[in-house]
Amino acid sequence: MVVKPLTGNYAAAYAAKLARVKVVAAYPITPQTTIVEKLAQFIDNGEMDAEMIRVESEHSALAAAYGAASGGVRAFTATSSHGLLYMHEMVWWVAGARVPLVMVIVTRTIGPPWNIWSDHSDLMDQRDSGWIIMMAEHNQEVLDETIKMFKITEDPRVFLPGMVGLDAFILSHTTEPVDLPGQELVDSFLPPRRQPYIMKAGDPILMGNVPRDLHDNMRMREDIHKSLEEAKKVIQEVDEEWYKLTGRRYGGLIECYRCEDADHFIIGMGAWVGDMREAADRLREKGIRVGVIKVRYVRPFPREELLKWLTNAKSVIVFDRGVSAGSAGQLFLDVAAHLMAAGVRVPVKNVLAGVTGLDVTYEDIADAVLKSVAEVEETGRFSTFIEWYYGR
Amino acid sequence: MPISIKDLPKEKLFLPGNASCPGCPEALGLKYLTMALGRKLMIVIPAGCTSIIQGLAPGGAFVFPTLNVPFASSDAVAAGLAAAKKILGEDAVVVAWGGDGGTADIGFATLSGAAERNDNVIHICVDNEAYMNTGIQRSSLTPFGAWTTTTWRGKRERKKELSLIMLMHKIPYVATASVGYPLDFIEKVRKAASIKGFKFIHLHAPCPVGWRFDPAKTVHVAKLAVETGMWILFEAENGKLRISPPSKPYADKSKRKPIKEYIRLQGRFRTLRDEDISILEKMVDDAWETILRLAER
C-alpha cells in the first residue's frame, strides 16, 4: 500500500483499474471528465488491459457498459448531472436486467441555468431505479467504495448495479492523500466476476421480452426490492472484509460521529459531512450534545441503523443538497417516513442548503443547527418542517 | 460464390407459432437471418415489432441469445457486447436488428456513433417504412405520399437516404436487401459477418398491416419495389459500390415496371394524386442516377 495524492476523480479511476475492469464506456461531462481521461490514459499506456468505447452520448455510455456486462465482463462508466439524466432510461434498464456493473457519479446540479457545482439532485433522481446508491465523504472513501461496489454488486444475493457518488469539485478536483492498495490485495479481495446470466452465442437466453403474466413482472420488481434489503447484509460484510485487508472500515450503511451521548442528530451525506463533524464539535463546546449520522448508502436505505440511533433523540435535522420540488428534500422524506412508520415520535426538520452548489461552511451548519435546537429546547417541536438555508 | 436453397441449414432457430402478424416481412427477415448465421447469431433488439414477434416470456420463439434494449440504445449495447465477446475470445456475430424508427430516427445518433467507431457489429435496419408497432406513424423512412396515422393526407417529405448516409460513414460494408430476395439477403449477411468492423444492411420489408395490402402478397410487393426501381439492391465493400444481380436489369429505365403497379397494390398510397406519382417517379430516376454514378467510381 502506498499513499498517493489523488483527486476524487483519480481515486475513482485507480479503483476501476484495480478492480480489473474490462470495458470502459464513457462520454465527457464536467466534472466527471478526468475519471475517463485517466482511464483512457491507463489503457493507452498499456497499464490497464481493457477496451475503451468512446461513445457519442451518455445514453450510449451506459448502454455499451450494459452490453459488455451482459456479455460477461466487468464494465464501468462515470457521469454527472445532465449526463446521468440523459441515461436515466438505461439506469432503470440495467437494474431491471439484474446486470451488475459500477458507475461513478460526480454529483452536479441540474440546469437551467448552466451550473457545474455540486448538489445531489442528479444522484437522488435515480433512487427509485433499483441501483445500490452510495455517497462518499472523502477521496479515500471514493477509492474504497468503488472497489467494494464491484464485490457488492456481483454478490449472488444482490446482482444489481451500483453507483458511487462524490461531490463535484469538493472531492472530484480536490487532492487528498489516498492509501492506494496494491493489485495483489485487490485481487485477493475481489473474486472473478459473477453474474446471473451471460449472453453467449449458442446459448439461447431471451432477456426482456414481453411477459405473459404480469404476476411474474411484479415479482421481478419485488425481487429487486428484496435484493436491496439483502444488500444491507452484504454491504456490512464487505466493509468488514475490506477492514481486515486495509484496516479501514466505515460501519456499513451509515457512519456515526459522536452519536453515543447525543441529544440532537444531524443527518447528511457526501463531502459536507466533514463540515457537519466540525459543526458538531463547535456546538458541543457550547454544551449542545450533537451527533452526526453520515448516510453512506441511500439505497438500500439504512432504516434499521437510523432507528437505532434516533428512537430516543430530542430532535433530528436532515440536511439535503437537493429537493423533491413540491414536497421536501429526498433524504428527509426517507428519514421522516421510516421514523413515522416505526412509530418514533421525534421532532424532525429538513434544512435545504447547498442546493445548486451554493457554498456551505461548517459555521453555516452550526448556525442552522443552533437555531433549530434552540427552538426545540424551548417549545419541544419545530414550528416549520422545512427551511431553505442561504447562509448566515 | 452464389448460394442456393440446398446450402441452407435445416435447423430452425426462429420457431413457428411466433407472434408476428400474417404476412409479416420481419418474420421472413428473421428466418433468413438465422439461416445465414446459425448458432453464431446474437441479437440486440430495440423497441419495435420484433419486441413482440419473439413471443411472450417465459416462452419465446427465438432459439438464439436475445437482448431486448431501449429504443435508442441498440448499437451501443451491441458494441459493448461485441467488445465482451472479443475479450472473452468467443466466436459470435452480434447483430443489432432495428426498425426504421429505431435505426433512422431515435436510434440514429447511436447508429452513427457505432459506425464512426467501426464497432464490430452488423446493424440490420428492417425497414417497413413507418412505426408499425405503435400503429403506423410516419418515420423519416416513410416514403413521400404515404398515408400514416400521423400523415392523413400523405407524407409531404421524402424518404431519408439512409444507406447512402451510412456509405458516407466509410464503414467496411453497406448493403441494401429485400425480403423478396432471400438468397441475396443471406449472402449479404454472411459477407458482413466475415468482415471486421461496422456493417450496415438496409432490409426492405413491406408490411401488409401498415401499407394496406393483402397479407398473401408480401413477397410480391417486395419484388415489385425492386422491379419498379423504387428499391435498389446494391452492396458496397470498402466504399466500392456494385448493383446486386436482382436490381441490375433496372439500371436501364426502360426495363423498369411502371411504379403505379407497385403503388396501386397499397392502400397507403390511395390518396396519391397524379402529380404526386410524377414526383415519386422523378425520385426513382434521381436515386438511380446517384447509385449508378457511385457504382462507376
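**Exercise 1.** Which residues in α1(A) meet which residues in α2(A)? Then describe how the two helices are oriented toward each other.

*Solution.* The model is a predicted one. Begin with the contacts: on the side of α1(A) they involve A:N9, A:Y10, A:A12, A:A13, A:A16 and A:K17, and these meet A:T34, A:I35, A:K38, A:L39 and A:F42 in α2(A). Sorted by class, the residues of this contact divide into 7 nonpolar, 2 polar and 2 charged. Next, consider the axes of helix α1 (residues 8-18) and helix α2 (residues 33-44) of chain A, which come within 8 Å and cross at roughly 40 degrees. At that angle α1(A) and α2(A) are therefore oblique to each other, and their crossing is right-handed.

**Exercise 2.** Find the place of β9(A) in the open sheet of 9 strands, and state how β9(A) is joined to chain B.

*Solution.* Follow the strand order, which reads β9(A)-β2(B)-β1(B)-β3(B)-β4(B)-β6(B)-β5(B)-β7(B)-β8(B), with mixed pairing. The edge strands are β9 (206-207) of chain A and β8 (240-243) of chain B, each of which pairs on one side only. For β9(A), the partner is strand β2 (residues 66-68) of chain B, to which 2 bridges join it in a parallel run; here A:L206 stands opposite B:T66.

**Exercise 3.** Describe the side of chain B that touches chain A.

*Solution.* Start with the totals: 40 residues of chain B are in contact with 39 residues of chain A. Among the elements that each supply at least two residues to the side of chain B are β1 (41-45), β2 and α5 (108-117), while α3(B) gives the most, with 11 residues. By class, this side has 24 nonpolar, 10 polar and 6 charged residues.

Terms used: Residues numbered from 1 in each chain as written. Chains lettered and ligands numbered in written order. Predicted model: local features only at pLDDT ≥ 70, side-chain atom pairs only at ≥ 80, totals over all residues. Axes fitted to C-alpha atoms, helices over the stretch in contact; angles between N-to-C directions. Helix = DSSP H or I, 4+ residues; strand = E, 2+ residues; numbered from the N terminus. Parallel < 35°, antiparallel > 145°, perpendicular 65-115°, else oblique. Left-handed = near helix turned anticlockwise from the far one by under 90°. Contact = placed C-beta atoms within 7 Å. Nonpolar A, V, L, I, M, F, W, Y, C, P; charged D, E, K, R; others polar. Pairing = 2+ DSSP bridges.
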